[in-house]
Amino acid sequence: MKPFGWFQSLRSQLILYFMIISLVVLSGATYYLYSFMLGMIKEQNERLLFQQFQQLDHNIAGLLADVDRLQKMFLLEEEIQDLLLNLTEKSELEFLNSKNMLHELIKKFIDNYNFVHSIYITAENQGAVGGSGNTTLVHPVEEWVKAFFASEPYRRSLSEYPNIVVEGNMRKSFYNPYMTGSRDGAVVSILRGTRAIYDPRVSATLIFNIDERYLASIYSASLSAEDGEMYIVDGRGTIISSSRPERVGTASPYVPGRGGTFGSYDDNNGDAPVQIVYYKLQTSGWYVMKEIPLNPYSAQIYAVQRIIVLVFLLSLLVILIVSYFWLNKMIRPLHLLSGKMKDIGRGELGVTFPEVPNNEFGTVIRRFNEMSLSIVDLIQKNNAMQEQKRELEIEALQYQINPHFLYNTLNMIRWMASIIKADNIVNSIVALGNILRAAYASKDSMCTLRDELSYLENYIKIINWRFNNGVVFAIEVEPDELDCRVPRFILQPLVENSIQSGRQIEEQRIEIRVCVRREGNELAIIVRDTGPGLTPELLESLNAMLAGDGSGERSGEMGETAGGVGLRNVNKRIQLYFGAQYGLRFEPREKGAEVVVRLPASTS
């Protein structure tokens with residue numbers, strides 16, 4: 001068995017191609033389904049987060065508005081106005097003595113507004129005072145200058161007066177160095193340059209600190225670990241608030257989209273794919289960002305894919321089983337056709353299909369049945385032609401005599417005629433010997449037109465000695481037509497027929513003319529005589545006989561000759577050699593008879 005011989009089966013090829021196409025479609029559909037579902041999930045995340053981010057932006061804007069309002073209320077307190085009035089002219093001692101009064105006021109504000117962690121008032125030449133609800137702090141000028149007055153937030157609070165300045169990523173220990181360890185933490189500072197109502201000069205900076213945990217509680221209260229992490233970054237990419245406290249103050253591993261206020265993109269957190277969604281807060285210029293892990297969604301999508309793949313494979317299995325039996329039914333006529341063709345190849349001719357399906361296979365099978373029967377018919381016709389050739393050859397041989405005996409007899413007659421000086425007998429014997437030599441010299445059934453005309457001239461010589469030169473014979477032929485190949489002995493029966501039918505009176509002279517002309521690829525040999533001719537009825541009857549319908553041959557007229565085969569046998573020989581389109585045909589003439597022999601003009 002040949003390697004992969006099973007694949008040569010059309011059924012196996014169809015099933016294999018069907019499986020390959022199904023797997024390709026399954027792979028493409030699975031990939032498309034995964035991409036489509038993941039894209040839908042990302043779009044849904046964006047829509048939901050956009051609403052959350054808008055709400056968060058509103059909440060933070062409200063928080064900053066509340067702080068702004070509280071700062072203004074705080075500054076309107078009589079004690080604060082007394083402190084701020086001519087603050088630059090007060091001594092450091094006078095500034096520091098106000099701490100007890102400031103602490104009571106800070107405690108009252110913080111108790112009423114728990115989102116405020118601590119409040120500080122600073123002045124360049126006095127330092128800073130303030131604290132939280134349960135702590136107070138007094139910073140001397142030297143240390144506070146190092147820590148705060150050189151900072152950018154302080155400079156911005158003075159330059160942007162009377163607006164507030166929001167600064168994230170600040171530490172509690174920045175304002176109070178005694179808050180260390182677990183007491184330390186991140187705060188968001190809201191700074192405002194301030195002055196007394198009746199003082200045109202900005203003399204101090206008011207700082208309200210909001211605990212980062214309070215800010216984070218606004219957006220992380222309902223956030224679970226599976227939902228991902230959310231945090232707020234400033235313009236420098238530093239995390240100022242996060243759902244994970246340990247990340248505050250670190251650099252964000254992801255950056256918002258350039259120039260965009262809202263959007264998302266895909267990235268990797270280690271080996272895990274994540275979706276990064278960002279939103280720009282309008283009041284502070286910060287970005288709120290959320291890292292959404294995609295693995296949980298991928299796992300859900302894979303679960304759906306597995307179910308779909310399982311359903312697809314089960315469907316594919318059912319389809320394959322059904323297709324197997326369906327293909328067997330469809331291809332069965334092809335298998336039978338292949339078997340029948342092998343039978344024909346082994347020589348079993350005439351095999352056909354008794355049942356023909358009513359589809360495209362039926363058309364093929366019908367043509368096969370026609371071809372098989374045509375082959376049988378063709379073989380039968382060929383066998384019949386061969387049998388006719390054999391019968392004609394036997395019929396022609398029946399008139400032949402043993403050539404050795406015949407030559408010896410003719411030589412003896414010629415010797416006896418020479419003794420008595422009978423020249424006409426000698427010439428007749430020579431002409432007859434030339435005729436017989438042409439008949440027995442070659443076994444080839446074909447000869448050149450030159451040899452055929454030479455044989456005919458010898459025959460006319462003998463006839464003229466018999467009829468006292470009563471036959472006038474003429475030949476019209478071009479030299480290049482003498483090499484054309486013709487069957488042997490086809491003209492002698494025609495000439496003999498003309499002599500028998502044309503010399504109805506013994507002393508009557510007859511003229512016979514043989515004309516040869518080329519008509520395209522055909523050779524036309526025309527035999528005319530000056531005899532009494534043919535009646536229309538006889539002409540039609542002879543042509544019908546030659547055409548093969550079996551009618552019209554009259555015994556005694558145009559029948560078999562004594563010296564050769566008859567007109568019908570000559571016609572049959574030509575058609576057996578060259579086809580039914582060639583042969584003999586009588587043409588009408590006013591005087592005499594005319595028969596035309598048509599052959600292929602061939603020299604080989």
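## Cysteines

At a relative accessible area of 9%, C515 counts as buried, a label given to residues under 20%, whereas exposed means over 50% and partly exposed lies in between (1.4 Å probe, protein chains only). C484 is also buried, at 0%. The count of disulfides, taken as pairs of cysteine sulfur atoms within 2.5 Å, comes to zero.

This is a predicted model, in which local features need pLDDT of at least 70 and side-chain atom pairs count only at pLDDT 80 or more, while totals for chains, interfaces and linings use all residues. Residues are numbered from 1 along each chain as its sequence is written, and side-chain values use heavy atoms, with hydrogens and water left out.

Q81 is found in helix 2 (residues 78–84), where helices are DSSP runs of H or I with at least four residues, numbered from the N terminus. With 14% relative accessibility, Q81 is buried, and a polar atom of its side chain lies 2.6 Å from the backbone oxygen of L75. Leaving aside residues up to four places away in sequence, Q81 touches L75, L76, R195, A196 and I197, contact meaning heavy atoms within 4.5 Å.

## Positions with more accessible area

I21 belongs to helix 1 (residues 10–75) and is exposed, because its relative accessibility is 55%.

N434, placed in helix 12 (residues 423–440), is partly exposed at a relative accessible area of 29%. The C-alpha atom of N434 is separated by 7.4 Å from that of Y455, a residue 21 places apart along the chain.

Definitions and conventions
Helices (H or I, at least four residues) and strands (E, at least two) are DSSP runs, numbered from the N terminus. A polar contact is a pair of N or O atoms within 3.5 Å; within protein, one must be able to donate a hydrogen and the other to accept it, and residues adjacent in sequence count only if both atoms are side-chain atoms.
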